[in-house]
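Trainee: I would like to learn how to read this structure. Can we go through it feature by feature?
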Amino acid sequence: MQEGFVSYINDQKDMAQASLEADTEGIKNTQTVIQKAINWFRARSMFVVAYGTGCGAIEMPPVFTSRYDIERLGVVGVATPRQADIMIVSGYCSLKTLKRVIRTYEQMSEPKYVIALGSCAINGGMYWDSYNTIKKLDDYIGVDMFVTGCMPRPEALIEGFVKLQDRIKNNNIEPGYIKYKEDYQFYRANQERLFGKNIAPAFIEDYTGMDI
Amino acid sequence: MFLDILIMLILAYSFGFLYYGLYRNISARVHGRFGPSIAQSFYDSIKLFTKDTSTSFGWMFYAGPIIMASGALMTVLFIPYLNHGDSLIGFSEYGNLIVVLYFMVLGPLGNALGVGSHGNPFGAMGIIRGLTRLIGLEMPFYIAVIGLMIASGTADIAEIMASQKETYNIVAHPLLFIAAFISFLGFMGKSPFDVVGAPAEVYSGPAVEFGGKFLALTLSQSAIFSFAKLLLMVNLFLGGADNLVDLVVKTFILFLAAVFVGNVYGRLTTSQSVDFLFKIPTVIAIVGLMFV
């Protein structure tokens, strides 16, 4: 039984890897030189709006200070979502917080990326059976990078940034904001399941061709 | 003429952003960290030009940054880059110091018009702070500049530059230089006079609703404008530049002075900075005016 399980896991891994490589090939071939240059600049300059919820609000600030100095990678904090490229959601989201997170996310202009920091934003973490917090942030907005840990060290967050930069540079994985637009009905249904109609009006883009 | 203007603008854009990158880098070293690359500001600018703009608050919102940018471009084009030369002079034959001072105020006014059209209270707060501070900044700067005009007997920048062949104005009129330098620090928007866009208080102030291409335009014009201000100070007090190397050295020295002052002093509040500017530099400028 053990062996069967191991081989099952390995098969799954191979399949995931194969599909990932196929995706990578597909997207890479369509990149022109100009797109590559633009992606390089996008990776090299990241404006971050840090949405501090939970303990991540304590772990995030050191990343911007002299000790860890994330600015050397081109990452700087900005005060408003209008100017931001990246949003860090740093921990558990209560329902009340989630509403604001969605609002902030929709105010950011594209291309935009989300980093979910810590176990709570990935699977609920220690709040997995709480009546008042969500478990998986990825169900409500398009998350690009998960940084695991409870709480992750600043080094982990920096590694998350570096991985995200590679991903933007190579453009090999579909960004979260495109998923959010394409599968908007899925995300909106999840949001409405929690809030009913008590949320901001639906985010509608003409080119998605959706009628909500 | 066209090529001349193009080269002037490219130089102003590149040096403006290069100096801004150096500002970030030097400040980082002062803080004891490594800091971003010197070209970081170029990366930011190019990235922002390729970013979407998601907001709209009517046509004035878009016109604001364009008025600001035209103010900055006109300022830089009316200041000759080099001493007694035929190249890199732009429109400076057709205008004088008074025109330059007029164009320098166009930027903040354009900003106020653009920001006024969206309803964000932080933007309005930033603009009120900026315009209040501007009243304080203009007073000593204008008195110092009037002193120079009286001393040189002309309002033409090229002639003021030419009149400094023997002694620079910084030596001949040190009090006027001190007054103008303190206002110049304020015009550069660096600490201790950086109350306009204070991120923790007014959430980047006037730029709060600007994102994407319009933020890129705002940043580019501010880089060009800061180079124009460095250029004006060099022309008025340091005898202008004989060649490009001279220009880079002189502007860089002035810029470095501004950076170090900015790194040493904390931020003043609006009322503190206006109080300070009305009391100390204005008095210094008036005393300097008496010695002209």
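Mentor: Start with a definition: a salt bridge is a side-chain nitrogen of Lys or Arg within 4 Å of a carboxyl oxygen of Asp or Glu. This is a predicted model, where local features need pLDDT of at least 70, side-chain atom pairs count only at pLDDT 80 or more, and totals for chains, interfaces and linings use all residues. Residues are numbered from 1 along each chain as its sequence is written, chains are lettered from A and ligands numbered from 1 in the order in which they are written, and side-chain values use heavy atoms, with hydrogens and water left out.

Trainee: How many salt bridges does the rule find across the interface of chain B and chain A?

Mentor: Six. In one of them, B:R33 pairs with A:D69 at 3.1 Å, N to O.

Trainee: Which elements of chain B supply at least two residues each to the side that touches chain A?

Mentor: Helices here are DSSP runs (H or I, at least four residues), strands likewise (E, at least two), numbered from the N terminus. The elements are α1 (2-31) and α2 (40-49) of chain B. α2(B) gives the most, with six residues.

Trainee: How many residues are in contact across the interface?

Mentor: Contact means heavy atoms within 4.5 Å. By that rule, 30 residues of chain B meet 24 residues of chain A.

Trainee: Back to A:D69. Is A:D69 buried or exposed?

Mentor: Buried means under 20% relative accessible area, exposed over 50%, partly exposed in between (1.4 Å probe, protein chains only). A:D69 is buried, at 3%. A:D69 sits in the loop between α4 (61-64) and β2 (75-77) of chain A.

Trainee: What should I look for in the backbone?

Mentor: Most residues other than glycine have a negative phi, and most peptide bonds are trans. A:D69 has a positive phi of about 50 degrees, yet is not a glycine. Phi of A:N171 is also positive, near 50 degrees. A:N171 is partly exposed, with a relative accessible area of 24%.

Trainee: Which residues touch the most other members of the largest nonpolar core?

Mentor: A nonpolar core is a set of buried Ala, Val, Leu, Ile, Met, Phe, Trp, Tyr and Cys residues joined through side-chain atoms within 4.5 Å. The largest has 63 residues, and B:Y81, B:L232 and B:M233 touch the most other members. α10(B) gives the largest share, 11 residues.
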